[in-house]
Amino acid sequence: SKANFDALNLHNCTVIPCNERLRVANYQYETASCKAMLNVEFRGKCWVLPLFVVDCKFPTLLGRDWICVMFGTDWLDRLVEMMDQIHMNSVSAAQRESVIGRIKQSSVF
């Protein structure tokens with residue numbers, strides 16, 4: 001929530017009023033009350049990444065920008081490859097491609 005975010009007393013960010021509707025993990029839409037642009041150092045590199053603050057049951061939201069920085073732009077392909085290794089032959093190629101297509105089209109990811 002905004003109150004929890006304010007309590008963090010972050011000084012290395014710029015807070016921007018925001019009225020973006022975001023689709024959250026349970027597929028519902030929530031409106032962000034603000035967006036904080038944070039200076040983040042990760043694995044020796046500096047990034048400016050957005051943090052969306054919503055006033056609901058969800059914590060402050062990290063988006064795809066964070067996922068790409070932490071796991072690389074090919075994170076989905078690597079996840080699918082890992083799942084392929086785990087489930088070897090239990091899923092057909094058609095089923096696999098269908099699931100990948102749905103994930104890539106999802107506004108959550």
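Two strands count as paired if DSSP finds at least two bridges between them. In this predicted model, strand β1 (residues 13–17) and strand β3 (residues 29–42) meet that condition, pairing in the antiparallel sense over 5 bridges.

β3 also pairs with β2 and with β4.

| Strands | Sense | Bridges |
|---|---|---|
| β1 (residues 13–17) and β3 (residues 29–42) | antiparallel | 5 bridges |
| β2 (residues 21–23) and β3 | antiparallel | 3 bridges |
| β3 and β4 (residues 45–54) | antiparallel | 10 bridges |

**I16 in β1**

I16 belongs to strand β1. Its bridge partner in β3 is K35. Along the chain, I16 and K35 are 19 residues apart, yet 5.2 Å separates their C-alpha atoms. Leaving out residues up to four places away in sequence, I16 touches C34, K35 and M37.

Is I16 buried or exposed, or does it fall in between? The relative accessibility of I16 is 34%. Buried means under 20% and exposed means over 50%, so I16 counts as partly exposed.

**The other two pairings**

The hairpin of β3 and β4 has 2 residues between the strands. In that hairpin, R43 takes a positive phi near 55°.

Key:
Residues are numbered from 1 along each chain as its sequence is written. This is a predicted model: local features need pLDDT of at least 70, side-chain atom pairs count only at pLDDT 80 or more; totals for chains, interfaces and linings use all residues. Side-chain values use heavy atoms; hydrogens and water are left out. Helices (H or I, at least four residues) and strands (E, at least two) are DSSP runs, numbered from the N terminus. Buried means under 20% relative accessible area, exposed over 50%, partly exposed in between (1.4 Å probe, protein chains only). Contact means heavy atoms within 4.5 Å.
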